[in-house]
Amino acid sequence: MISVDLTSMIDVVFQLIIFFMFTSQFSELRRTEIDLPRQPGEEISVRLEPSMIVDLTHDGQYLVESKNVDLNVIEQLARAGVSSQNDTDPFDVLIRPDRNASVIYLDRLLLRLSETGVQRWKLATVEGGES
Amino acid sequence: MSVAKKRNSKRSAALGALPLTSMIDVVFLLLIFFLVTANFSKEEHELPAALQTDGGGVRSSDLQPQVIHIKHQNGKPLFTMGEVALSDGKSLQEFLVSLPKEPGVAIKSDPDVSISAVATALQAARNAGFQRRSYVPTDGD
């Protein structure tokens, strides 16, 4: 009778799990590190992933999926998102701004988004001393 | 051989020898797995708001929303609503509690204000019980 070495089997299984986790969800593992506004935010019972996440750095650079993009690219992405939205899955944007960034950059981004038909947006915050 | 030693060798033979090298291999693999998948960053929260433009991008309502105008004074944000000027989020929240909630609240900001002041105003409006909160971006160009 052939005996199966369980320890080696578990070893191989874990190797496979790690491999598939890395290849399938690598982009979701980390978000760009940003000094977010320090507010408790809103308690949401069911947290839905936003349709689009835009990071806004202290010096006014916009990042989508950790890549530096200009407002024209964001506008294109938003237009595509708005055109494909429906009642059950409305297009919304999560903005992750540096808390010390000037509001000018936020206004420029929101004006572009409003031109594409975006009506709802969310500001990312972290809990901590009020800023 | 003593009686105790004989008993021990019998027990290990019955259980089978533990392959230590493979066991350490698996333990280290698990350690790496949890280190990689663990999220050490702070948990993020959200402050939802509607987007409203001066041109009326959002469906107009019968009631005009109350407007919080954020200004910059002596290096600090100043939250004004008509004649009332408030210097921090706590006092803004206390003031907002006394206002009617149906019209909603709109937030406008001067260009030299930091984004944290906008977050403070949104949080105060949310804590005061306003369901309809909108932000009015201004064209700084």
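Me: Happy to start with a single residue of this predicted model. Is B:Asn74 buried or exposed?

Reply: Let's count neighbours. B:Asn74 has 6 other C-beta atoms within 10 Å, and a residue with 12 or fewer is put in the exposed class. Therefore B:Asn74 is exposed.

Me: Where does B:Asn74 lie in chain B, and what is its phi?

Reply: B:Asn74 sits in the loop that links strand 2 (66-73) to strand 3 of chain B. Most residues other than glycine have a negative phi. B:Asn74 is a residue other than glycine with a positive value, and its phi is near 50°.

Me: Which class does A:Glu65 fall into, and where is its place in chain A?

Reply: A:Glu65 has 13 C-beta neighbours inside 10 Å. Exposed residues have 12 or fewer and buried ones 20 or more, so A:Glu65 counts as partly exposed. Its phi is also positive, near 50°. As for its place, A:Glu65 is in the loop between strand 2 (62-64) and strand 3 (67-69) of chain A.

Me: Back to chain B: what does B:Thr80 touch, leaving out residues up to four places away in sequence?

Reply: B:Thr80 belongs to strand 3 (residues 76-81) of chain B. It is partly exposed, because 16 other C-beta atoms lie within 10 Å. Its C-alpha is 9.9 Å from that of B:Lys108, a residue 28 places away in sequence. With residues up to four places away left out, B:Thr80 touches B:His69, B:Lys71 and B:Ala85.

Me: How many of the residues of helix 3 of chain A are buried?

Reply: Helix 3 of chain A has 14 residues and reaches 20 Å from first C-alpha to last, close to the 20 Å expected. Its buried residues include A:Tyr105, A:Asp107 and A:Arg108. Helix 3 is largely enclosed by the rest of the structure, because the buried residues number ten of the 14.

Me: Which element gives the most to the largest nonpolar core?

Reply: This core has 44 residues, and those with the most contacts inside it include A:Ile95, A:Leu106, B:Ile107 and B:Leu122. Leaving out residues up to four places away in sequence, A:Ile95 touches A:Leu106, A:Leu109 and A:Trp121, among others. With eight residues, the element that gives the most to the core is helix 4 (residues 115-128) of chain B.

Me: One last one: in what order do the elements of chain A run from the N terminus on?

Reply: Chain A holds three helices and five strands. Of its 131 residues, 27% count as buried. Among its contacts with a separation of 6 or more, 79% join residues 24 or more positions apart. From the N terminus on, the order is α-β-β-β-α-β-α-β.

Definitions and conventions:
Residues numbered from 1 in each chain as written. Chains lettered and ligands numbered in written order. Predicted model: local features only at pLDDT ≥ 70, side-chain atom pairs only at ≥ 80, totals over all residues. Helix = DSSP H or I, 4+ residues; strand = E, 2+ residues; numbered from the N terminus. Contact = placed C-beta atoms within 7 Å. Expected span 1.5 Å × (residues − 1). Core = buried A, V, L, I, M, F, W, Y, C linked by C-beta atoms within 7 Å.
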